[in-house]
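Please read it alongside the sequence and the coordinates.

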Amino acid sequence: MYDYIIVGAGSAGCVLANRLSANRKTQVLLLEAGRKDSSPFIHMPAGIARLLATSDFNWAFQTEEESELEMRKLYWPRGKGLGGSSSINGMIYMRGNSRDYDHWRQLGNNGWGYDDVLPYFRRSMNNERGEDAYHGINGELNVLDEKANLPSHNYFIQAGMEAGYVYNKDFNGATQEGFGPFQLTKIGNRRCSAAQAFLSPILDRDNLTVVTEAKALSIDFEGKKAVGVTYLKRGQKYRVKAVRETIISAGAVQTPQLLQLSGIGNPEDLVLHDIRCLHPLKGVGKNLQDHLDIMVQYYCKDPELSVARYIKVTNMMRVLLQYMLLGNGPGAENGCIAGAFIKSRKNIEMPDLQLHFIPLILSDHGRKRFTKPGLSIHVCQLRPESRGEIRLASGNPLDSPSIKANYLSVRSDLDTLVEGVKLARKIFQTDKFSSFLGDEFEASRDAHNDEDIAEFVRKNAETIYHPVGTCKMGNDDLAVVDERLRVKGIESLRIVDASVMPTLIGGNTNAPTIMISEKASDMIIHDNSSFDNSYRKSGSL
């Protein structure tokens with residue numbers, strides 16, 4: 001028996017394991033379907049290119065055919081292993097706009113306004129810039145300013161200012177709008193994933209048990225009380241009991257899948273797979289939101305301004321060898337250290353576009369890279385109105401779920417990206433870039449008017465890896481958890497991950513997921529403070 005069982009050792013699960021096991025009288029079990037984060041490509045920042053392209057530490061999901069994207073099935077990388085997606089992401093530390101959280105509160109989620117969540121952002125981080133009203137220095141997650149070895153990153157920022165935008169030295173500070181440097185979750189020249197920050201330092205706690213390669217098959221119930229988990233490891237099933245709470249932190253894709261496999265969801269969906277409905281919650285899997293991204297790319301006349309030369313096979317081996325032996329060189333960089341938050345239209349209240357600058361031409365999530373020097377601006381629409389869903393593809397827990405994102409099903413989402421493409425071109429056409437910029441990349445070169453640009457978007461847009469919302473927090477008919485992240489109508493079951501976000505925040509989602517887990521840990525400890533701590537782990541797995 002354990003006091004708490006946490007399903008999923010991603011960003012949220014690692015934080016929870018740390019905070020809940022800090023009480024040495026509390027027994028905590030952390031289950032992770034993937035492997036230990038032992039690959040050198042996880043810890044080497046440039047290793048992201050390999051991690052996104054392979055399935056070693058990546059669930060490598062595919063969506064269903066997307067009707068507004070030329071019936072394409074989109075590739076969805078999601079982290080698989082200790083650290084989850086924080087072990088394979090671009091390491092950008094970003095919170096979103098303060099108004100995003102105030103909107104959560106306005107939707108009826110008390111305690112989730114920006115003033116409420118800011119202390120949890122501060123608590124989790126060690127910002128190398130120092131402490132102020134927005135940043136902490138005593139947390140486990142190291143956040144630093146990356147030094148740009150290529151001048152093109154600074155050229156991008158200067159081009160933005162030439163185009164009339166402001167310089168912003170801190171996207172996580174008082175204001176979000178403008179061009180500036182990203183801060184990264186790194187420590188020295190190594191990735192600082194949630195596993196490295198929150199889990200690795202506490203693995204010697206005798207009250208924490210971590211089991212990898214453990215695929216959760218179902219949540220176990222007594223009536224409508226969650227009492228544990230059944231999981232599969234190396235072909236053998238195990239049942240473990242939680243006497244306080246079972247906490248699902250499997251992410252926006254697999255958390256709703258696990259609920260549905262366990263009989264919680266829309267009865268009409270469950271019956272299709274011969275699953276008895278334990279508790280009807282029609283919002284499970286609904287409300288899926290994600291950031292869609294389109295790249296505007298140009299060839300570059302100066303090879304020293306692009307990282308393209310490093311992706312040649314012989315050079316890649318040199319980069320890897322230098323990093324492995326010396327811990328430095330191009331392998332210590334992830335390539336995305338400058339960006340912007342801008343408005344697609346002047347009359348809106350806050351930025352609805354995020355730009356990521358990368359000194360390379362690539363496609364298909366980096367699985368196809370071009371050795372000819374080039375530069376890219378990723379254009380990401382921050383607040384899509386389109387909504388998708390996660391449904392079971394079968395009743396087999398080992399099968400991937402069905403992902404239907406419904407990208408661009410609301411026309412305004414497409415219109416925003418069309419404007420974003422035009423604004424990215426405006427940046428590239430400044431004097432700062434003109435002297436060394438070549439032709440526009442072939443995919444968009446002939447897209448001149450709005451209709452042509454819209455067609456380019458439909459044929460080429462991809463996810464930028466921020467799915468949320470499939471077990472939303474709230475009070476409406478689609479809400480799955482309450483403001484304390486307890487599953488509605490079920491006792492001793494909580495969800496703590498990005499699936500609880502009622503709306504997608506305007507930025508990268510890793511830091512907000514860590515914040516959610518920090519806040520959840522306080523709520524869990526408070527709600528269980530009077531529990532008779534007389535249980536202890538018995539037996540072995």
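Two strands are said to pair if DSSP finds at least two bridges between them. Helices (H or I, at least four residues) and strands (E, at least two) are DSSP runs, numbered from the N terminus. This is a predicted model, in which local features need pLDDT of at least 70 and side-chain atom pairs count only at pLDDT 80 or more, while totals for chains, interfaces and linings use all residues. Residues are numbered from 1 along each chain as its sequence is written, and side-chain values use heavy atoms, with hydrogens and water left out.

**Open sheet of four strands**

- Four strands make up an open sheet with mixed pairing, in the order E5-E9-E7-E6.
- At its edges are strand E5 (92–93) and E6, each of which pairs on one side only.
- E5 pairs with strand E9 (residues 183–184) in the antiparallel sense, over two bridges.
- Within this pair, Ile92 stands opposite Leu184 of E9.

- Strand E1 (residues 2–7) is joined to E2 by four bridges, and the two run parallel.
- Tyr4 stands opposite Val28 in E2.
- All 10 of the 10 residues of H1 are buried (under 20% relative accessible area; exposed is over 50%, partly exposed in between; 1.4 Å probe, protein chains only), so the helix is largely enclosed by the rest of the structure.
- The buried residues of H1 include Cys14, Asn18 and Arg19.
- In a regular strand the side chains alternate between the two faces of the sheet.
- From strand E2 (residues 28–31), Val28 and Leu30 point one way and Leu29 and Leu31 the other way, and all are buried.
- E2 is also joined to E12 by four bridges, again in the parallel sense.
- Leu30 has Val210 as its bridge partner in E12.

- Strand E3 (residues 61–66) and E4 run antiparallel and are joined by four bridges.
- Gln62 has Tyr75 as its bridge partner in E4.
- Five residues lie between E3 and E4 in this hairpin, and Glu70 in the turn has a positive phi of about 60°.
- Four of the five residues of strand E4 (residues 72–76) are buried, so E4 is largely enclosed by the rest of the structure.

- Glu213 is not a glycine, yet has a positive phi of about 55°.
- Glu213 is found in the loop between strand E12 (208–211) and strand E13 (215–222), and is partly exposed at a relative accessible area of 35%.
- Arg234, also not a glycine, has a positive phi of about 50°.
- Arg234 is found in the loop between strand E14 (225–233) and strand E15 (236–248), and is exposed with a relative accessible area of 72%.

- His135 is placed in the loop between strand E6 (125–127) and strand E7 (141–145).
- His135 counts as buried, at 1% relative accessibility.
- Asn142, in strand E7, counts as buried at 5% relative accessibility.
- A polar atom of the Asn142 side chain lies 2.7 Å from the backbone oxygen of Lys186.

**Helix H2**

- Pro40 is placed in helix H2 (residues 40–43) and is partly exposed, with a relative accessible area of 34%.
- Pro40 and Leu52 are 12 residues apart along the chain, and their C-alpha atoms are separated by 14 Å.

- A cavity is, on a 1 Å grid over the protein atoms alone, a set of points where a 1.4 Å probe fits but cannot get out, and lining residues have an atom within 4 Å of a point.
- Grid points are joined across faces, edges and corners, and a volume is the space filled by probe spheres set on the points.
- The structure holds one cavity of 30 Å³ or more.
- The largest cavity contains about 90 Å³ of space.
- It is lined by 13 residues, of which Asp290, Pro384, Ser386, Tyr407 and Asp413 are the closest to its centre.
- The lining of the largest cavity divides into six nonpolar, four polar and three charged residues, where Ala, Val, Leu, Ile, Met, Phe, Trp, Tyr, Cys and Pro count as nonpolar, Asp, Glu, Lys and Arg as charged, and the others, Gly among them, as polar.

Methods: On a 1 Å grid over the protein atoms alone, a cavity is a set of points where a 1.4 Å probe fits but cannot get out, and a pocket is an open set with protein on both sides within 12 Å along at least five of seven lines; lining residues have an atom within 4 Å of a point. A polar contact is a pair of N or O atoms within 3.5 Å; within protein, one must be able to donate a hydrogen and the other to accept it, and residues adjacent in sequence count only if both atoms are side-chain atoms.
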